Amino acid sequence: MTTWALRAIAALYVVIAALTASVRLDVAERAVPMSADAAFTLDAGSASQPKAELAPGLARTAAEAGVAIAVIGRGDGGERIAYYFGAPPPTAKWYSPEFGATARPFDPASTTPMTGSYAVWGDPASLAAVDAWAAAAGIRATPMQFPTPLELTLSSLAKTSSVVPLLALLLAMTVALLAESARQARANTQKLLSGVRPGRIAAENALLALGAVLVPGFVGAAMAVGIVALRSGVEYIGPYAIGLAHLIVPFAALVLIIAVAITLFTWPSVVSIAERRNPVRHVTGAAEVVKVLALAAAIALVPIATNGLAAAIAARDEGTVWHRFADAVTVNNFGTTPGTPEDDAAGVAFAGAVAAADAGGRVQLAYELDAYREAITGFSGAFVVNRHYLETATASTPGELDARLASVPAGHPALVGLAPALDLALAPALRGDPGARFTAMTWRDGALPIASNAYLGAMRFVEAPLLLVVDDPGGALSPSFLLAATTRGGVIFDDETAMREALAGAGLEGRALSVDAVADQGLLDLQHRQQLLASRVIAFVLLVLAAVQCLWVSASAYVRSHAERFLPFALSGVPFARTFRGRLTWELSLIGVLTIAATIVAATTGAGPIGIGAAAALGFGSAALSVRMHLLDYRRLVANAIERRT
């Protein structure tokens, strides 16, 4: 049974290691494909030239350097597209098949931004020519350093939080090796009495344990590599195998070390052999230590698991909101310098674009006045919004929205403190009476989702916000305010078509240096958080299983090591509770102390009643399970003795 346990644990370890190694390649390609020879990031936000002039210059630079250069963008279906300048790249394939392998020429008239991550196929020394071109254009190009293989492995472990599940499996493996040592104890003693050298016995036990681990390890690793070859291509076998080896080889080495250490620490002494002591007794001490560690880790993770459950519920709510912005886009800037005539002209044109989109109900506004937080009393923040944003973010009809809003009196101290800022936010012709253009409201139906910094994927759920609702953002707000709001992702178009039509009507088509899908980054962050949550849940489940295994091994070793003392009691009719009074007192006291400590931690870390109740339930369950396992092993011992079995 213990051999099968070793194999099952090893197989589960390989599964988690294979998934982590897969994430490792996603980490390696988080910005550019692994086929690229070099990479750099470009910040075109401060460019003094439009894209129509920047793109040909970069294409000439690539041609003169003899390399292929492409900026990585996203398609409508979430695939990644290499928009190349000049010559096409030799390949644009990604590890994840859903990212595709598409390469297209860069179109300056499109909404594809020049700000982003760039891949270079060819001589990495060409980055010097790119840097010179960027300096001449007044923008910044920053070379990207590719991480080393070990750094990639560590990053994947951090991203997936798989360290805890892997350590839990290592703990379970240690317990299984202890059980195997207890099973082999009598055979080891007989080998010693037969003249076999101790070193040979230790080596045989270690190799037996290692063999039980390596067989499923090699089989699982081979299957994982085969799946990668079929899924992503043979070119990814090498990088994937390196990541898998980083995780499996240390595990195998630790298993070998632990097996040798357990054999040495549980080795029967000459005196114990001469006195005919039960050889299993040497395992009990190690089993108790491992049991304490496993129980402490499992019970301590209860607050983390319950907090993770609360985070999962919050992430689900946030994901629901982001999906309401699935087609929405936001414009970052137009490549103008603030305070210049070109910037003023762009601001006026953009205000016209916003007014045109608002006339069709296709633009949303959500901008926080975070510079005036000290002037706000009684609210958790001040936000300039329009009704279309509130309806979209809350999935409310106009009638439902009115029922969820409450008016704020005109003389409220927060409005008095914000009056100067609101006056400056208005168009010059409308200044002097901000109350005539802004309707002060607050949200009274729980927390309001605010897509603050929408292009960065930041979502906040704000209790009691001060909402400054404006009905005509394009006509009521100043061009400078709208430009400031759009650099923070505060001006949101319902879809790319609405943005194109609005910008084209205002003469700004092709001048936007950065166009971002509002929901992409937010949904990506949510996916990452869900991966972390899944890893925590797996870690908690594995630790609980390891703790159960520890309770079983500890109870079995204790009962078997004291068989000579327990059998007379059993045959004399002494009750189980009296025979195991001291042992059960230790078990219940240990579990009780750990449970009390876990409930205190849960109460102080904000886990709430659910965390406290879960810690208590796990403690009571462990106590009941410990008593039950001792009873079952005791009955099995008595039955075997009566039937003359060992």
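A residue counts as buried when its relative accessible area is under 20%, and this is the sense in which the word is used below for a model that is predicted.

**Aromatic pairs**

The structure holds ten aromatic pairs. One of them joins Phe40 and Tyr118, whose rings are stacked. This pair links distant parts of the chain, since Phe40 belongs to strand S1 (residues 38–43) and Tyr118 to strand S5 (residues 116–121), 78 residues apart. Both Phe40 and Tyr118 are buried. Another pair is made by Phe580 and Tyr634, which is edge-to-face because the planes of the two rings stand at 80°. Phe580 is found in the loop between helix H19 (576–579) and H20, whereas Tyr634 is part of helix H21, so this pair ties together parts that are 54 residues apart in sequence. Phe580 has 0% relative accessibility and therefore counts as buried; Tyr634, with 7% relative accessibility, also counts as buried, because the cut-off is under 20%. The geometry of the two pairs is set out in the table.

| Pair | Centre to centre | Angle between planes | Class |
|---|---|---|---|
| Phe40 and Tyr118 | 4.9 Å | 10° | stacked |
| Phe580 and Tyr634 | 5.1 Å | 80° | edge-to-face |

Phe40 and Tyr118 also belong to a cluster, in which ring pairs link them with Phe85 and Phe106.

**Charges over rings**

Two arginines are placed over aromatic rings. Arg80 lies over the face of Trp94, at 4.7 Å from the ring centre, and the charged end of Arg231 sits over the ring of Tyr95, 5.0 Å from the centre of that ring.

**Nonpolar cores**

The largest nonpolar core comprises 65 residues, and those with the most contacts inside it are Tyr13, Met173, Leu177, Tyr240, Leu244, Phe251 and Leu295. The largest share, twelve residues, comes from H5.

Which residues does Leu177 contact, once its neighbours within four places in sequence are left aside? Leu177 is then in contact with Leu6, Ala209, Val255, Ile258, Ala259 and Ile262. There is also a second, separate core, which has 41 residues and includes Leu422, Val491, Ala502 and Leu508.

How values were computed: Residues numbered from 1 in each chain as written. Predicted model: local features only at pLDDT ≥ 70, side-chain atom pairs only at ≥ 80, totals over all residues. Heavy atoms only, no water. Core = buried A, V, L, I, M, F, W, Y, C linked by side-chain atoms within 4.5 Å. Buried < 20%, exposed > 50% of the residue type's maximum accessible area, 1.4 Å probe, protein only. Helix = DSSP H or I, 4+ residues; strand = E, 2+ residues; numbered from the N terminus. Contact = heavy atoms within 4.5 Å. Phe/Tyr/Trp six-rings, centres within 6.5 Å; stacked < 30°, edge-to-face > 60°. Lys NZ or Arg CZ within 6 Å of the ring centre and 35° of its normal.
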